[in-house]
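Subject: Handover of a structure and notes on its features

Dear colleague,

Please find below the structure that I am handing over to you. My notes follow it, and I would be grateful if you read them with the model open.

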Amino acid sequence: MEGQRREKPPIQPGTFKRLLGVILAHYKVHMIVVVICIIISALASTVATVFMQRLIDEVITPGISLGLSAVWQQLVSILGTMAIFYCFGVIASFTYNRIMATITQGTLKNLRNGMFNRMEALPIGYFDTHAHGDIMSNYTNDTDAIRQMIGQSLPMLIQSGLSVISMFIMMLYYSIWLTVTVWIFIGIMLTITKKFAGASAKYMMEQQKSLARVEGFIEEMMEGQKVVKVFCHEEESKEDLRKLNEQLFSDGERAHQAGNVLMPILHNVGNLMYVLLAIVGGILVLIGAPNLGFSGGGTITAGIIISFLGMSRQLSQTIGQMSMQVSMVAMALAGAARVFALMDEEPEADEGYVTLVRAKWNDKGELEETDNQHGIWAWKHPHKADGTITYTELKGDVVFEHVDFGYVPGKEVLHDISLYAKPGQKIAFVGATGAGKTTITNLINRFYDIPDGKIRYDGINITKIKKPDLRRSLGIVLQDVNLFTGTVMENIRYGRLDATDEECIVAAKLANAHSFITRLPEGYNTMLTGNGASLSQGQRQLISIARAAVADPPVMILDEATSSIDTRTEALVQEGMDNLMLGRTVFVIAHRLSTIRNSKAIMVLDHGRIIERGDHEELLAAKGTYYQLYTGAFELE
Ligand SMILES: Nc1ncnc2c1ncn2[C@@H]1O[C@H](COP(=O)(O)OP(=O)(O)O)[C@@H](O)[C@H]1O
Ligand SMILES: [Mg+2]
């Protein structure tokens with residue numbers, strides 16, 4: 001129920017570099033401006049403390065002895081300069097925070113686009129093995145963690161790092177001994193941070209995973225709401241959620257406990273440092289100790305001590321802030337690693353080079369390419385050896401030669417399948433559930449590739465045909481119907497985007513969907529949502545058949561396309577399809593044998609093997625499995 005656990009890609013050092021690469025790819029100039037602004041802002045706040053020292057030593061301590069106007073002048077000059085520095089700091093910080101919003105949101109946009117583009121290129125097999133909730137959380141939780149890191153942690157870390165460095169230099173400038181005292185405390189703080197932030201980061205990642213589980217579960221329960229009610233599983237699902245939610249709570253609790261106590265602890269250590277510095281500094285001033293900083297000789301003054309105290313306070317706060325970011329960064333990097341893992345998935349390979357083009361017969365009786373929209377379709381086959389191009393008319397001739405196939409290695413589903421379908425023929429597959437009927441159709445459109453054997457399409461090995469061109473030539477009505485959010489008309493037009501309304505309506509009539517559609521509240525303009533939840537299963541199937549029909553393909557595959565439709569409508573649909581498919585190839589899979597009686601050939605499948613083949617009369621005469629199925633002596637499972 002909980003879905004497949006995502007395997008956790010370890011945080012590699014390369015992840016940060018790569019994320020930075022993604023940011024810089026689009027926002028290099030932005031980033032440079034941001035870093036400059038951060039430097040200005042960090043320097044401004046540090047430099048201001050220097051003026052504090054001057055204010056005390058040059059104005060306040062000498063006091064009125066300087067004379068009133070001199071004091072006034074000094075005061076204005078020092079405070080004025082301080083104000084200017086602070087202003088610069090404020091403007092810089094305002095600017096970079098604004099730019100950061102662009103960088104952050106833009107980078108997220110690029111990541112989402114990147115993930116989705118790759119996702120659309122992935123083979124069907126990827127979705128067989130990855131839980132949808134997990135893929136979804138790449139777009140939600142992981143992206144959000146990255147947002148926090150880029151938008152908050154990153155600028156804060158840069159700014160804090162710069163502040164720490166500049167404060168360190170300033171401290172050395174004033175007094176080596178006081179600096180050493182401060183750094184002993186900083187060492188203690190870092191040790192504490194490492195312990196707590198490490199634990200917090202670990203639980204944060206656990207929390208991320210628990211969150212994905214809770215979300216996946218809720219998603220599944222929403223989709224399966226009816227089944228839940230039918231089996232009266234409301235209490236059980238509440239209980240299941242309660243457990244998952246409890247886990248999320250305890251992971252979150254531990255993550256934040258570790259994270260939340262860190263600040264107060266660091267704060268107290270910082271206070272301790274403050275007091276000690278004040279005492280040591282006070283003694284140094286009283287005994288007139290020499291100033292051992294780079295600022296030169298002289299004794300330590302009260303101004304120096306006060307500046308120092310200010311800096312030490314700022315330093316301990318900065319380190320506290322940085323420590324809070326550690327677990328955020330760890331979480332974001334874990335998220336980024338998962339995002340990149342999706343982006344690095346091997347896309348569906350397409351080594352095909354034969355393409356589908358519009359063509360016409362020329363005077364010499366040869367096919368040549370044409371722009372004419374009404375030309376016939378042809379396979380354009382470039383030959384690497386001599387550089388020539390040949391054209392083959394698209395007819396819909398499909399041949400399987402000794403095809404073996406399994407979804408997972410070592411578990412073969414189809415064994416030695418050989419069959420042919422000439423253009424215009426209707427080929428039917430019958431057989432028990434799980435016999436491999438759908439699998440055969442999955443191979444024709446190359447959802448999966450075959451290890452052994454060959455499938456030829458109009459004489460061309462389908463591995464040589466470009467996948468989009470191959471699929472464009474096939475009309476497929478899948479066993480599971482998927483309708484998209486949009487009007488009925490838009491859903492039908494999905495089959496061929498340049499189809500006119502009239503063409504869509506013709507297709508709907510062929511599929512026998514027209515009459516029910518016109519009875520919908522807004523006819524063809526009725527909005528469908530939630531996979532067409534407002535329609536009956538059979539109506540949804542009819543729309544999906546119309547969608548395939550509008551594409552007007554030379555080969556049509558109907559995989560139990562009429563299983564939820566009443567017999568009378570089914571007969572009408574089959575008739576419509578038979579008309580549409582005149583001169584084309586159709587593969588039908590149907591449970592009701594009556595609808596496939598008129599097939600050119602019927603293949604009876606059993607456990608992935610064709611055990612009987614022939615037309616209806618031949619198979620009946622043979623008195624084998626088909627005969628038993630047809631006469632009802634055997635039920636399809
Ligand atoms: N995506 C998949 N991954 C692994 N095994 C699959 C997958 N789809 C189908 N199978 C297996 O392949 C066999 C044939 O399935 P299928 O072709 O769908 O049967 P049906 O004749 O009912 O259409 C079944 O045993 C099924 O379990
Ligand atoms: Mg099937």
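Donors to a metal are taken here as N, O and S atoms within 2.8 Å of the metal (3.2 Å for Na, K and Ca); water is not among the atoms, so sites may look incomplete. On that basis, the magnesium ion (ligand 2) is coordinated by Thr-438 through OG1 and by Gln-479 through OE1, at 1.9 to 2.4 Å. These two residues link distant parts of the chain, being 41 residues apart: Thr-438 belongs to helix α9, and Gln-479 to the loop between β10 (474-477) and β11 (486-487). Helices (H or I, at least four residues) and strands (E, at least two) are DSSP runs, numbered from the N terminus.

Two remarks on conventions are needed. This is a predicted model, in which local features need pLDDT of at least 70 and side-chain atom pairs count only at pLDDT 80 or more, while totals for chains, interfaces and linings use all residues. Residues are numbered from 1 along each chain as its sequence is written, chains are lettered from A and ligands numbered from 1 in the order in which they are written, and side-chain values use heavy atoms, with hydrogens and water left out.

For accessibility, buried means under 20% relative accessible area, exposed over 50%, and partly exposed in between (1.4 Å probe, protein chains only). Thr-438 counts as partly exposed because its relative accessibility is 27%. Gln-479 is also partly exposed, with a relative accessible area of 34%.

Overall organisation

The domain assignment, which is automatic or from a database, gives domain 1 (13-343), domain 2 (355-393) and domain 3 (398-631). The centres of domain 1 and domain 3, taken over C-alpha atoms, are separated by 58 Å.

Helix packing

Two packed helices are described by the angle between their axes and the distance between the axes. Axes are lines fitted to C-alpha atoms, for helices over the stretch in contact, and angles run from 0 to 180 degrees between N-to-C directions.

Helix α5 (residues 176-223) and helix α7 (residues 234-286) have axes that come within 8 Å and cross at roughly 170°. The contact of α5 with α7 has 31 nonpolar, 12 polar and five charged residues. In these classes, Ala, Val, Leu, Ile, Met, Phe, Trp, Tyr, Cys and Pro count as nonpolar, Asp, Glu, Lys and Arg as charged, and the others, Gly among them, as polar.

For helix α4 (residues 132-174) and helix α8 (residues 302-343), the axes come within 6 Å and cross at roughly 150°. This angle makes α4 roughly antiparallel to α8. Their contact comprises 23 nonpolar, 12 polar and two charged residues.

Individual residues

Most residues other than glycine have a negative phi. His-402, in strand β5 (residues 398-405), has a positive phi of about 45° although it is not a glycine. Arg-446 likewise has a positive phi, near 60°; this residue is in the loop between α9 (437-444) and β8 (452-457). Arg-446 counts as buried, because its relative accessibility is 1%.

Ala-48 lies in helix α1 (residues 13-60) and is buried at 1% relative accessibility. Its C-alpha atom is 25 Å from that of Met-100, 52 residues away along the chain. Val-71 is in helix α2 (residues 68-121) and, at 15% relative accessibility, is buried. Val-71 and Val-59 are 12 residues apart in sequence and 6.1 Å apart in space, C-alpha to C-alpha. Ile-565, in the loop between β13 (555-559) and α15 (567-580), is buried with a relative accessible area of 4%. Between Ile-565 and Gln-539, the separation is 26 residues in sequence and 7.9 Å in space, C-alpha to C-alpha.

With kind regards

Methods:
Angles under 35 degrees count as roughly parallel, over 145 as roughly antiparallel, 65 to 115 as roughly perpendicular and the rest as oblique.
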